[in-house]
Amino acid sequence: MYRTIPVKATFSDEEKAFWEFQCKQANSLFNCAIYYAKQKHYHWLEEQEAYTTYWRDDELRCGWKTYKCTTKYPEIDKALKMSPHYKGMAAQSAQQTLKTVGEAINSYNKLVGLYYLGLVDRPRFPRYRKSGGFASVTFPRQALTYKQGLFYPSVSKESKPELLTQITLLPPDFVDPDWVKEVTVRPCYGQLWIDWVIDDGKQPVTSNPKLDYSHAIGIDHGGDNWLTCVSTLGKSFIIDGRKLKSMNQGYCRLVAKHKSGKPEKYWDSHLDKIQLKRNNQMRDAINKAARFLVSRCLNDGIGNIVFGWNEGQKSSSSMGKKGNQQFVPIPTKRLIERLKQLCPEYGINLITTEESYTSKASFLDGDSLPKYGEKPSGWIPSGKRVRRGLYRTASGILINADANGAANILKKVTKQSFNMTKMVRGALTLPHRYDLFTNLSKSYRNKGEAVRVHPTA
């Protein structure tokens, strides 16, 4: 399986100067490629007489018509081979930079097709990077030489005479040199990081004999209760989100204080440190939550995770200024992506489903769960959320509102033959609350390794 392992770089002053030079050359080469493609594209538009006027909202504007760009990577590579920025980099690293431009143009062309189908807004041609900034430098395996525990990246003929030291890259201790497929040195908020792309030879587990695929965990996400989970075994728990919310509030407060009285786009090294700390906190929470959910499935022998998620719900959130500030910054989508990486290693099925009406409908009363936009006329839920976190069924039973939503998310996946017989009132009444940063010991998170399937490479 392919993985990317990010490691903070610890370079000497001479090495740091070399890598900063390489990142600047990559940035300049990227801009040169964009300039070449844009000028050729606009010259072709002039020949087509594609300059016109058009309405945008309530304004009459003039500009170029939207057409696909015909410039491809091979043409860009051939045109820029004599560029000083191209020569300042190793040939394969320069080609990787130009390939990113070709991929950006391909994405633009696909958006143009969707634009004329009315599915997306008018796309913009790929834009320039900040002049004088840094960009990532990528070395494929062919551009790396391994000797005595170190990788030696290729250096261009123009840069070699200027070197003050030997340029080497030390892989992490747990990485076999034969696994390495690609190495990227990238800037990140005033620091340099190394991304090791490896292939450890392992294959995804399609079926784990130690898991029961007739059982599942349903997950309803929110704010204070970040993840409310109910399993078909009759167990329920909540992963607390109040500390995550507090971290985001502290981050926003510090940024607002430092940018007070400054332009909207102002940024400096101090804000880099604030942003980096917040990103590290969110990544730590995501990794711990994903590992906890996988360990819970392994310990209980559950083979499925059902996650309730509506695409685009955060970008179109309208819960008011305060509600949006508390809900939108919590990185739930990144957690889903992390689960997509972890679950195949253990043979766990991850299912995402839309969660419309799961909070309104009563699970214990057996209410139907229509999809968004398909609600039948006269549909009324049997129960009601009487106050924050409390749901009352038709018979007057009080249960946890988020646990009711998680149970309904399980019910949404009608094609799966999940065993729901153990889903009783007790599982929805008082879920156990876990704090990712204080309650979860490392031994608990690693307990699931005992039932992991280790496939042969």
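Me: Are Phe292 and Tyr434 buried or exposed?
Reply: In this predicted model, a residue counts as buried when its relative accessible area is under 20%. Phe292 falls in that class, and Tyr434 does too. The answer for both residues is buried.

Me: What kind of aromatic pair do the rings of Phe292 and Tyr434 form?
Reply: A pair of aromatic rings is described by the distance of the centres and the angle of the planes. The ring centres of Phe292 and Tyr434 are 5.1 Å apart, and their planes stand at 55 degrees. Planes under 30 degrees apart would count as stacked and planes over 60 as edge-to-face.

Me: In the open sheet of 6 strands, which are the edge strands?
Reply: The order of this sheet is E13-E12-E9-E10-E11-E17, with mixed pairing. An edge strand pairs on one side only. That applies to strand E13 (349-353) and strand E17 (432-434).

Me: At what angle to E9 does helix H9 run?
Reply: Helix H9 spans residues 401-412. It lies across E9, strand E10 (225-231), E12 and E13. Its angle to E9 is about 135 degrees.

Me: What is the angle of H9 to E16 in the sheet of 3 strands?
Reply: This open sheet has the order E14-E15-E16 and antiparallel pairing. Its edge strands are E14 (384-387) and E16 (398-400). H9 lies across E14, E15 and E16. Relative to E16, H9 runs at about 75 degrees.

Me: Which residue in E15 stands opposite Arg387?
Reply: E14 and strand E15 (residues 390-392) run antiparallel, with 3 bridges joining them. The residue in E15 opposite Arg387 is Leu390.

Me: With which side chain does the side chain of Thr66 make a polar contact?
Reply: Thr66 sits in the loop between strand E3 (59-64) and helix H2 (73-79). It is buried, with a relative accessible area of 6%. Leaving aside neighbours within four places in sequence, its contacts include Tyr108, Tyr115 and Pro123. The polar contact, at 2.8 Å, is with the side chain of Arg122.

Me: How many residues apart in sequence are the parts tied together by Trp44 and Tyr67?
Reply: The whole structure has 14 aromatic pairs. Trp44 and Tyr67 form an edge-to-face pair, with 5.6 Å between centres and 85 degrees between planes. Trp44 lies in helix H1 (residues 13-47) and Tyr67 in the loop between E3 and H2, so the parts tied together are separated in sequence by 23 residues.

Me: How far from the ring centre of Tyr251 does the charged end of Arg278 sit?
Reply: A charge counts as over a ring only within 6 Å of the ring centre, among other conditions. The charged end of Arg278 sits over the ring of Tyr251. Its distance from the centre is 5.7 Å.

How values were computed
Residues numbered from 1 in each chain as written. Predicted model: local features only at pLDDT ≥ 70, side-chain atom pairs only at ≥ 80, totals over all residues. Heavy atoms only, no water. Pairing = 2+ DSSP bridges. Helix = DSSP H or I, 4+ residues; strand = E, 2+ residues; numbered from the N terminus. Contact = heavy atoms within 4.5 Å. Axes fitted to C-alpha atoms, helices over the stretch in contact; angles between N-to-C directions. Buried < 20%, exposed > 50% of the residue type's maximum accessible area, 1.4 Å probe, protein only. Polar contact = N/O pair within 3.5 Å; in protein donor to acceptor, adjacent residues only side chain to side chain. Phe/Tyr/Trp six-rings, centres within 6.5 Å; stacked < 30°, edge-to-face > 60°. Lys NZ or Arg CZ within 6 Å of the ring centre and 35° of its normal.
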